[in-house]
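Please keep the sequence and the model in view while reading.

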Amino acid sequence: AAFLVSDDARRWTSSATDLAHLVAFGRNWCVAGEGASELRCFGEEMGELTMWEEERIERACGEDFDCVDQRMEARMDALSADGRAFPAGGAIVDVAATDGALCTLARGGRVRCWEVYADSPRPFRDLRVRGANQLHFGPGSVCALARGQAHCWDETFEGTARPTPVPGVEGATRLALVGAVASSLAPSTIP
């Protein structure tokens with residue numbers, strides 16, 4: 001497979017073979033090297049300051065408007081060069097994204113999801129799916145594949161989510177979401 005990766009993104013992986021995860025959504029893209037515990041994201045929205053970052057800068061500078069302007073500009077330059085970091089809480093196994101959200105799956109089954117355009121640096125989802133090795137977004141839901149079983153939960157930013165096994169999806173080796181239904185491919189159905 002061939003990937004076009006910007007020079008900024010390439011700095012976060014030591015070689016082409018080190019690029020283990022790549023996901024794109026909207027006008028953004030994220031990369032992580034083999035064994036990395038954080039995803040680095042670049043693109044149109046990733047270079048903008050969140051309300052949380054702006055408030056932090058304004059508090060630090062007080063009434064000094066030149067200070068505010070200089071620090072905000074410096075932070076936006078850093079985001080353009082370094083990308084925005086999303087800590088996975090462990091070595092990344094898989095990543096998934098949609099226009100509104102980004103999720104990482106770390107070893108041990110830890111799933112963390114962030115609202116891409118949020119004003120908070122904290123994930124809106126932080127849960128575990130033991131034995132998970134794949135992650136996939138679908139319309140309104142996220143699913144993880146664990147020991148051949150699909151476990152899905154609501155993708156909305158409010159409320160709680162509980163991974164629920166999908167009936168009839170057992171022995172799967174790959175996961176795909178079609179509409180709002182999880183489907184899987186058992187080993188005998190893969191060409």
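In strand β8, Arg-128 stands opposite Arg-110. Strand β8 (residues 125-128) runs antiparallel to β7, and 4 bridges join the two. Strands are DSSP runs marked E of at least two residues, helices are runs marked H or I of at least four, and both are numbered from the N terminus. Two strands count as paired if DSSP finds at least two bridges between them.

Strand β6 (residues 101-106) and strand β7 (residues 110-115) are antiparallel and are joined by 6 bridges. The hairpin of β6 and β7 has 3 residues between the strands, and there Gly-108 takes a positive phi near 90°.

## Basis of the model

The model is predicted: local features need pLDDT of at least 70 and side-chain atom pairs count only at pLDDT 80 or more, whereas totals for chains, interfaces and linings use all residues. Residues are numbered from 1 along each chain as its sequence is written, and side-chain values use heavy atoms, leaving out hydrogens and water.

## The open sheet

An open sheet is formed by 4 strands in the order β9-β10-β11-β12, with antiparallel pairing. Its edge strands, β9 (132-138) and β12 (164-165), each pair on one side only.

Strand β10 (residues 141-146) is joined to strand β11 (residues 149-154) by 6 bridges, and the two run antiparallel. Within β11, Trp-153 is the bridge partner of Val-142.

## Disulfides

The count comes to 4 disulfides, a disulfide being a pair of cysteine sulfur atoms within 2.5 Å. One of them joins Cys-30 to Cys-41, with an S to S distance of 2.0 Å. This link of Cys-30 and Cys-41 is right-handed, with 105° about the S-S bond. The pair links distant parts of the chain, 11 residues apart: Cys-30 lies in strand β2 (residues 28-33) and Cys-41 in strand β3 (residues 38-43).
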